[in-house]
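Thanks for coming. Please have a look at the sequence and the model before I go through them.

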Amino acid sequence: MFILELTYTAPLSAVDEQLEAHVAWLDEQYAAGVFIASGRKNPRDGGVIIAVAQDRTRIEEITGADPFVLAGVCEYRITEFYATKTVPALASYREQLPA
């Protein structure tokens with residue numbers, strides 16, 4: 001599982017110009033089963049996405065296609081972790097630690 005932290009690198013006016021395309025991209029990733037949750041940070045200097053994928057390379061490909069990235073208005077910090085404990089509703093995402 002991955003935590004994707006977006007940090008805006010441009011003024012909010014430039015971010016807002018790309019917002020519609022970014023939301024459409026988010027919707028595609030939800031439909032593909034990659035994203036579990038997402039939202040703005042408070043204060044509004046970026047966002048956070050919880051994602052699942054086979055490996056970091058795939059996540060890097062996905063984030064590289066974000067319209068925010070393509071427009072140069074944000075950068076991603078990608079943190080991989082093992083979701084060994086979850087609420088019951090997320091039980092299907094639980095992972096075992098590697099041997």
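Predicted model: local features only at pLDDT ≥ 70, side-chain atom pairs only at ≥ 80, totals over all residues.

Residues are numbered from 1 along each chain as its sequence is written, and side-chain values use heavy atoms, with hydrogens and water left out.

Let me start with the sheet. Four strands form an open sheet, antiparallel in its pairing, in the order β2-β3-β1-β4. Strands here are DSSP runs of E with at least two residues, and helices are runs of H or I with at least four, both numbered from the N terminus. Two strands pair if DSSP finds at least two bridges between them. At the edges are β2 and β4 (74-80), each pairing on one side only. Between β2 and β3 there are five bridges, and F35 stands opposite A51 in β3.

Now the aromatic rings. Rings of Phe, Tyr and Trp (its six-membered ring) pair if their centres lie within 6.5 Å; planes under 30 degrees apart are stacked, over 60 edge-to-face, and the rest tilted. The count comes to three aromatic pairs. For Y8 and F68, the ring centres are 5.9 Å apart and the planes stand at 85°, so this pair is edge-to-face. Y8 sits in strand β1 (residues 2-8) and F68 in helix α4 (residues 67-70), 60 residues apart. Both Y8 and F68 are buried, meaning under 20% relative accessible area with a 1.4 Å probe, protein chains only.

The rings of W25 and F35 have centres 5.4 Å apart and planes at 70°, so they too are edge-to-face. W25 belongs to helix α2 (residues 19-31) and F35 to strand β2 (residues 35-40), so the pair ties together parts 10 residues apart in sequence. W25 is buried at 6% relative accessibility, and F35 is buried at 4%. Ring pairs join W25, Y30 and F35 into a cluster.

Next, the peptide bond. Which residues does a cis peptide bond join? They are N42 and P43, with omega about 10°. P43 is in the loop between β2 and β3 (46-51).

Last, the pocket. A pocket is an open set of points on a 1 Å grid over the protein atoms alone, where a 1.4 Å probe fits, with protein on both sides within 12 Å along at least five of seven lines; lining residues have an atom within 4 Å of a point. Of the 14 residues lining the largest pocket, the closest to its centre are Y8, H22, L26, G39 and R40. β1, α2, β2 and β3 each supply at least two lining residues.

Note on methods. Buried < 20%, exposed > 50% of the residue type's maximum accessible area, 1.4 Å probe, protein only.
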